[in-house]
Each structure stands twice: as C-alpha cells, then as structure tokens.
Amino acid sequence: MDTILDLQQVSKIYKSGDRSLTVLDNINFSITAGSTMSIVGPSGSGKTTLLGLCAGLDRATSGNVELHGTRLNGLSEDQLAAVRNQYVGFIFQNFQLLPTLTALENVMVPLELRGEKNIKPRALDLLDKVGLGERSHHYPTQLSGGEQQRVSLARAFSNKPQILFADEPTGNLDAETSEKVVKLLFDLNKEAGTTLVLVTHDLELAAKTQRIIRIKGGKLVE
Amino acid sequence: MNNINFRWLLQMAWRDSRKNRSRLFLFVSSIILGIAALVAIYSLGDNLRLNIDNQAATLIGADLALYSGKPVEGKAKALVDSLGKIRSEERSFASMVYFAKSGGNRLAQVKALDGDFPYYGKFETIPVSAEKTFRNGQQALVDQTLMLQYQAKVGDSIKIGNVTFAIAGILEKAPGSTGLTSTVAPSVYIPMRYLTQTGLMQKGSRVAYRYYYLFPKTTDVEKLAKRLEPRFEAGDLDYKTIQSQKEDTGRSFRDLTRFLALVGFVALLLGCIGVASAIHIYIREKLNSIAILRCLGVKASQAFLIYLIQIVGIGVIGSVLGAILGTTIQQFLPIVIKDFLPFELTTDISWLAIGQGLAIGVLISILFALPPLVSIRKVSPLNVLRVSLDSLKNDRDPLTWLLYGLIVLFVFGFSFLQMRTWIEALIFTASILASFVILYATASLLMWLVRKFFPTSWSYLWRQGLANLYRPNNQTAILVVSIGLGTALVCTLFFVQTILLDRVKLSSSGNQPNIVLFDIQESQKEAVLALAKAQHVPVNQNVAIVNMRLEEVNGKTAADFEGDTTAEQSRRIFGREYRVTFRDSLSSSEKLTKGQWKGTYKPADGLIPISLEEGFADRSRIKLGDTLVFNVQGTMMNTTVTSFREVNWGEVQTNFLVIFPTGVLEEAPQFHVMLTHVPDPQTSAVFQRAIVRQFPNISIIDLALVLRVLDDIFNKIGFVIRFMAGFSILTGLIVLIASVLISKYQRLQESVLLRTLGASRKQIFAITALEYFFLGALAALTGILLSLAGSWLLAKFSFEAEFRPEVLPVIVIFLFVSMMTVFIGLINSRGILYRPPLEVLRQDV
C-alpha cells in the first residue's frame, strides 16, 4: 500500500525570548493510504500541534513532513493552501463552520475553491447523507452542535480528500450525539476510502481506528 | 487570477457580509458626510467657474476697463481718448449723501457717470426705466440698502455736496457688485455733468477714475490690451478685460472653495479614522472565519481580497450616498453665500465634482482600511486550532508602515491641492499627525497608569469599569483617538470663532472713537472743532494729512525703473498717492521695530528722517538708510528712512505708512481727520446732520454703522463656517456611535459571563456606564486640551490676538462628550441587560 503521510525526525520548538519550548521532539511515523489512525495523549502532550504539522497548517522546526508525495517543509503558505484544498479534509472539535454562510454554502466552499462546476447537487447529496437535506439553508447558529458537526462532516468529504484530519470531533458533543457523528464519520470514510487521522483523548473512539499512536511530553511513546 | 476565481471572491465577499451589513453600513455612514461636504463644495466650485465664464462680460460691463487713482493727464489722457469711440467715463469717490425727507445721512460711494455704461448686463433698477432716465437730468440711482435704511422713495431728494438730485430709481444691482459691497459701500450713481457743481472735486479728494470701452466684435481685446500694457503702465493705468476679470474673479472664489474643501476634508478624515478603527475590530472578529477559509485552501491573498472587496463596496456605497447628499446640499449653498457673489449662481449637477467625490471616497476608504486589512495576510490557518491574536499584530510588518506613509502622503497631497503652498500643507498635515500621536500617546499612558496605580481599595464595580480600559482586546486607544479628535476639532472651531468675535467686540467697546470725520480742509478745522465743542462731542484725535507722491528712491525715478527687470523696487510704488502725517511721537497703536525714531527736524539736520510701516517697507523692498524724494504739490522733500514701525491696524486709530517728523510739513497744503466718541445714537445723528449741512465736503464714517455691517458680515461668514463645521461635528458623533457599537460585540461576551455568574442588571449597567465614562471623559479631556493648545497657537501667531477661552462652554463640551459616550454605550448595551444570557450566548455572531 502507498504511504500517504510520512514524518521523519519532526520537531517543533517554540521560542519565547531566550527560552525555548520543545513541543514535539523527533517524531517519526507514516500512514498508508486508506487506513485509519488515532493520535492519543493527555492534554498538552502535543497532539494538536502534531495534527497541525501533518495537515500543513504549520511548519516543523526541523525534520520532514511528506503528504501525498509532497514535502511540506519547503512550500509557501499559498502552496500549502493548495495542498490542503486538493488532498485534505478537516473536522474540528468546535465545528468551525463559517457563520455567515448557510449549511449548503459551507459544504460548497471547498468545491468552489477548486473551480468545480455543478456543485450544488453534490453538496445537497452530501447534506442528505448526513441527514440535513432539509436544513441546507440554515445558518450555523440555527443548528444544534450535533447538526453543525454533521455539516462539518459533509464539508470535509465534499472535495473527496485523500486524507481527513479530525481534531477531537466529539469533544463538544453529548454521548448520544457523539455516537451518531462517529458512526457517520466512519461510514463516510469507508465509503470514500479516505485515510483518517483522528486526534483524541477518548480511548474508546481511538479504538475504532486501525492503528493508535501515543504521544506524551512531545515524544512518541509507542 | 481567472474569472471564476474572481467571481467566487465577489460571491464570498457578499456572503461574508451577510450578517454584518448593518454594521458595514455604520462604517460607511462615517464617510458619507465627509464626501457630501466635498461634493457640495466641489460642485459649488464648478458652478462658480461655469457662471463666471458665462457672466464675466456682465461683471465688468465692457470689453476693456481702465482705472487710475489720479487724474488722467498728458500722454495717458491722449491714450484714453484714442482707444475707442464707444466709451464711458466714471469718477467715483466717497461722500456723504443727505436724505432730505428723513434728515439722515450716510457715507456712500458716489459714481458720476458719462456714457452708456454698462455695455454688457445692465443696472437692475426699480423702475426698470430708471436705468436710462437717470442719465437725462439732475437725477440719481440710489442703492437699495440706502433706500431701505432711510425709507426713501423714488422721487424723493438727496443732496450730494452742493447739488440736490431727485431719486430716479432704486439700484438693485450694478455690474460686478455684490450684496456685500452694497452693504459696506452702497453706491449712488449721478450724471457726470453735475459733478463739478457738487464742489466735491477738491484737492486731496480721493477719486477713482474709470474708463469703459466697447469694441467691435472683430477686435481681439486681449491682444490689444497686452500690446498697450507698457503704455498703460507708463500712464499709471490699470486695466481689466473680460478675460482678466474672469481670471481674477475665478481666483478669489477658488480660494474660498479651497478653504471650504479643507474643512470638508477634516470631516472626511475623521470619518476615515472611524472606518479604520471599525475595520480593525471587524477583522479581529473575522479572524476565525479567515482561518477556516485558509484551512480549506484559500490563499492569503484571496482572503485579503474578500475583505478588500467588502471595503471597496462600502466605500462605493458611502461615496455614492455622500455624492447624492452633497449634490442635494449644493442646491442650498447659493443661499448661504449669495451675498458674496457678484453674479447669479445656478446650481447644475456637477458630474466632475461627483466623480471627484466618488474617487476620493473610494480611495480614502481603501487607504484607511488597508492597514488593518493587510494583517489578514498573516492569519495562520492554525488559528482554527487555537486562536492567537498575535497574527494581527502589524507593528513589524513593513507594508503597514508603508501604508501609514501613503496615508500621510495622501493627506499632505490633498491639503497641498487645496492650499497650494508646501509650508501650509505641511503645517496642516503635521497638526493632524501630531493630534493623532498625542491622543494615542495619552491613551497608552492612561492604560499604563491605570495598571501601575490600580486603586485596589475601590469597590468591585469601579475596579471592573476601570480595568476594562486595559484588559486584552480593549478599545481604549481607538476610542480615545476618534472621540478625542472629534472633540478637538469641534472645540477648535468654537474657540476660533470666539477669538474672531472677541476682536470685533473689543474695537466697539469702551471709549474707543466711534465717529471719524475726514477730508476736513485746513480752513474748516477750527469751525468743526467749535461745532464739536458746542454739541459736547469730545475730539479724541485731530490728525493733519498731507498728500504727496514719491519721485525718487535712492536717486532713481519711475522712468529708471521702467524696463529694469533687475530693480528691487516695483515701479508701482511711484504711481500712488501717499497720505502722510507728521508728529513727534509714536501713537499707542505703533511699535518701533527697527532703526531710530526721530520726532523733530531742523533744516540743519540735512535729510528729513522718516519712518515707514514695516510691512510696506518690506513689500516695497526699502531698507533703513534708503533715500526717498517726495513731491508735495511741487515741492521736493529729500528724506531718509531712519525707522520701521509695526502698526496694529486693528485699533480705531489713524494709521500711516509714512510718518514725517514735526518741523517739515506744517505749512504744506493739508486736510484733517478727526476722531470722536459720541455717547449715543441720538447725539450721533444730530452731530452728523450738522456737519453735513455746514460742511458738505466732509465725509463721516459712523463706526457704529460699520460695526453693524461687520457684524452682519461675520454672521454670514460665521454661518458658512458653522455650516461646514457641522459636517465634522455630525461625523464625530457618527464615529462615536460606530466606535461604541462595534465595541459592543466585545463587551457582550464578558457581560454575559458576569450575568451568568450572578451579576445583577444594575451591576452590569454600572460597570458599563463607568467604563464608557472613563473613556469618554479621557477622550474629551485630551481633545479639549489639544484644542486649547492649538487655539492658543492660532490666536498668538495667526490672529495675533489674546486668547481667553470661556470656561463654561468648555465644561459643557466636556460633559456633553462624556455623557454622550456613556449614553451611546448604554443604549447599545441594553441588549445584554434585558435579554437572557443564553439567548445572547447563542447569537455570538
């Protein structure tokens, strides 16, 4: 199987005046395309920073991150944006929908950015799949947390990403809603054959993925 | 960028603005008034230019007009006679006009006319036929101001000098006259053939000689005038053609519209600061949306463009609304300034002015919005994971500094276009800049002081209100700058008005002379003094005046200066008549600035020491020690300049450019000027009537009347300035409302949290009120102090007047601004007070 994400000796160090703080220290791992994986660890362990590096939202201080065969280190901000739009999908703990856009428009944005045509039926279809076909013209504030996360799911899959990063996707949801959202996430993922990288401290959720890597104090412990 | 992409950016800009349109409109409203002011003024300027072009011929009334301040004789007379067959001659001078029926009399501009002038336009008279008939007999056209003042009717009699004229008609308008000229110096036209009989053409009388010509259509008057210019100059004749009249009139009104445009520009700048501060906070709130877009693959430049499109959009909307408002206002401007205009002003829509307004509006809104906008480029997609406001810190971005530089350059460029001098434009720009720096520094200092000396012993509510001034994401600096600048502007306008009005009041108060008699012949002096004594009118001053001409400067005559382009002096100084006095000491309105004052002269002293007014000496390039030869009725006086004087022309005094010492001119032909103070209008009327009856050649200036006229003029000018300042004041209020409204969104979360924690409505109310009070009070105080300093500088260096600010209005302005801030702040926070916290929390967008 092809490797879609490969990290070699990746470190992230924040500098504040004379002091420096090593958040990630010499991280090495890779993921094969189509697989699912969780990054788990306690709060402050560096999980989110690692996700940011993997998804091209931030740059490593040293080491090499390769996403879908592209080395991210040398890319400009705009090139990184193009990579994200092309290959990456996101789901966030606090949903991160654009508040001034309707549910449908939120789902359409990644496709519009790619300059694709006739995208409305596809976006509506995705909203249907997450059970929100009837709510397509509602704004995020008119939706519940669970509904917002489902729109977020539809948006994440809209551009048929090669890899999906989910940051604590159920962190802001109650148990029942969480369960529905997780099922939807895995169903859609399976259907699209997308690689899934999940960041969570919920071990039960992590267990649903094929592989788990643990992180503690900025180091990979397993 | 391809079309699809740009369309998408437009679409995104539109979508993103959805829930913010009312706020965006609020940003826009700050610039509407500024643009309206500019469009109105530019339209006025355009219409003035258009009307001047169309009506220039009626402004001068002829193809060519020649002017001289002395009788036209010799070669000059031959030139005047040879120029054209169709010509008119006019002699004008100031004289008392006595209204037989009412017994009133007033100094007027008497114009003796011979010929069919005006050739273009006409005298507007009631009845219309009077324009022609007054020329046929012993009749006069009398200005409507005089007719109204003395309740005279057509057919009544007036006496000018020794001749009684019947009033043929009321003069409503003469070519080139304005409502203002008729208030200041109302005209009376009489036929020239009665001039000698009036007995007013005596030696020393100040008469202006004018010749008006009508040429055949084929004559190129401009060319003719250019060709004859050296001969006009040699004969001390000034000339005007329709073209030069056009240029002169255009120039003076250009100055007016430029000044007004500058006042309008201040309103616009204030609005732009409002826009900039609003956009700053707007972008801060949009941080998360921008980060999400970046996450989804939007390039930094695209994100930047989405918001730039919004700004351009609101800039265009604001400018269009401003242009519509400005064009509407322009329809009313002629009413405001009609008394200053020598012609009818039409108010056509000026598309050029609208275009200029739109361009400036869009440009300036983009320019001021760019510094906060460029920070969008730095928004990291990582913000979706953890929000950091650091990405909005622009201090180290060289582009931001470049933009600040561009803004300063724009302000300088615009003010230069209005003022046309580098130095004034620099001072204007520097003052605006300094105000910003001072206000910003004050705000920063306050935040630092509050933090450093935080009053821990105060009650919780006071502490919370105060702490809000320096908490993260505070708006102290922005609000202090915008509210402070608005206050400073309004206060300065108020103070300047007070300074100007104080000056006028000062000259009309106390025992200052209020009646001036001039043209008193030597033979009449004793009789006038006796009359004054008999009527118990004290004579404060009695000054002898000798008329003379300048013949030589340092051995060179007017002829030597002709054609000598390297000469320092202008040959103009030879053409005029000098009214000179002699005395042995300086008057209270004079100060010696250079050289040595010599008050007496003995023939043994050699050259006669004279003193010149320093401004006149400077304009004429005359230095201390220069030798001047004056011609007093044929007798040459060899003089040397030994001193310069600074003269306060503002005082009611007889002041002179040239002063001789005693011992020289005592026997020379002279006339006298007397200054008196009459205690009441009754005494004044009786005294004036007696003087005019006994001495018809003596002219009287009634300062009470002059002051009334001045007051009228000040009211008219004051109205124009207040009208323009109104734009700034209103803009200031809108900026205040916008600033407070946008800060509402930040306070919302905090107040809701406090309410959730159990704070009562009253407590939230008190915290909010206190915070806005601290903000408003500080901004108002800084603005007032700034304006006091500015007004003091203006008073000292520009108006050369004393500055005594009134305390009460200052306190009123302070309280008004502080309370207004609190009021607007509370009005906009009422949502937090009266709605359940959850509802507010859910509507956090």
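# A tour of chains A and B

Start at B:Ser17, which is found in helix α1 of chain B. Keep in mind throughout that the model is predicted. Is B:Ser17 buried, exposed or partly exposed? With 18 C-beta neighbours inside 10 Å, B:Ser17 counts as partly exposed, because a buried residue would need 20 or more and an exposed one 12 or fewer. Show what B:Ser17 touches: B:Leu24 and B:Gln310, leaving aside residues up to four places away in sequence.

**Next: the contact between chains**

Display both chains. Chain B puts 23 residues into the contact, and chain A puts in 25. On the side of chain B that touches chain A, α1 (3-17) and α9 (242-295) of chain B each supply at least two residues. Which element gives the largest share of that side? That is α1(B), with 5 residues. Colour this side of chain B by class and you get 12 nonpolar, 4 polar and 7 charged residues.

**Next: α2 and α12 of chain B**

Select residues 21-60 and 351-374 of chain B, which are helices α2 and α12. Their axes are 8 Å apart and the packing angle is about 150 degrees. That makes α2(B) roughly antiparallel to α12(B), since the angle is over 145. The crossing of α2(B) past α12(B) is right-handed. Show side chains on both helices. From α2(B), the contact includes B:Ile31, B:Ile35, B:Leu38 and B:Tyr42. Facing them from α12(B) are residues including B:Leu352, B:Ile354, B:Gly357, B:Ile360 and B:Gly361. The contact has 9 nonpolar, 5 polar and 1 charged residues.

**Next: α13 and α14 of chain B**

Move along to residues 398-419 and 422-452 of chain B, helices α13 and α14. Their axes come within 8 Å and cross at roughly 140 degrees. The pair α13(B) and α14(B) is therefore oblique. This crossing is right-handed. On α13(B), pick out B:Val408, B:Val411, B:Phe412 and B:Phe416, among others in the contact. On α14(B), the contact residues include B:Trp422, B:Phe428, B:Ile432 and B:Leu433. By class, the contact of α13(B) with α14(B) divides into 10 nonpolar, 2 polar and 1 charged.

**Next: the strands around β18 of chain B**

Select strand β18, residues 635-647 of chain B.

- β15(B), residues 590-595, runs antiparallel to β18(B) over 5 bridges. B:Leu592 stands opposite B:Arg645.
- β16(B), residues 608-613, runs parallel to β18(B) over 6 bridges. B:Leu612 stands opposite B:Phe644.
- β17(B), residues 627-632, pairs with β18(B) in the antiparallel sense over 6 bridges. B:Val629 has B:Asn638 as its bridge partner.

Zoom in on the hairpin of β17(B) and β18(B), where 2 residues lie between the strands. B:Gln633 takes a positive phi near 50 degrees here.

**Last stop: the open sheet of chain A**

Switch to chain A. Trace its 6 strands in the order β6-β7-β8-β3-β9-β10; the sheet is open, with mixed pairing. Which strands stand at the edges? They are β6 (88-91) and β10 (219-220) of chain A; each has a single partner strand, so one side of each is left without a neighbour in the sheet. Inspect β3 (36-40) and β8 (195-200) of chain A, which pair in the parallel sense over 5 bridges. A:Val40 stands opposite A:Thr200 there. Finally, select helix α5 of chain A, residues 145-158. α5(A) packs on the sheet and touches β6 and β7 of chain A. Its direction makes about 175 degrees with that of β6(A).

Technical notes. Residues are numbered from 1 along each chain as its sequence is written. Chains are lettered from A and ligands numbered from 1 in the order in which they are written. This is a predicted model: local features need pLDDT of at least 70, side-chain atom pairs count only at pLDDT 80 or more; totals for chains, interfaces and linings use all residues. Axes are lines fitted to C-alpha atoms, for helices over the stretch in contact, and angles run from 0 to 180 degrees between N-to-C directions. Helices (H or I, at least four residues) and strands (E, at least two) are DSSP runs, numbered from the N terminus. Angles under 35 degrees count as roughly parallel, over 145 as roughly antiparallel, 65 to 115 as roughly perpendicular and the rest as oblique. A crossing is left-handed if the near helix is turned anticlockwise from the far one by less than a right angle, and right-handed if clockwise. Two residues are in contact if their C-beta atoms, placed from the backbone, lie within 7 Å. Ala, Val, Leu, Ile, Met, Phe, Trp, Tyr, Cys and Pro count as nonpolar, Asp, Glu, Lys and Arg as charged, and the others, Gly among them, as polar. Two strands pair if DSSP finds at least two bridges between them.
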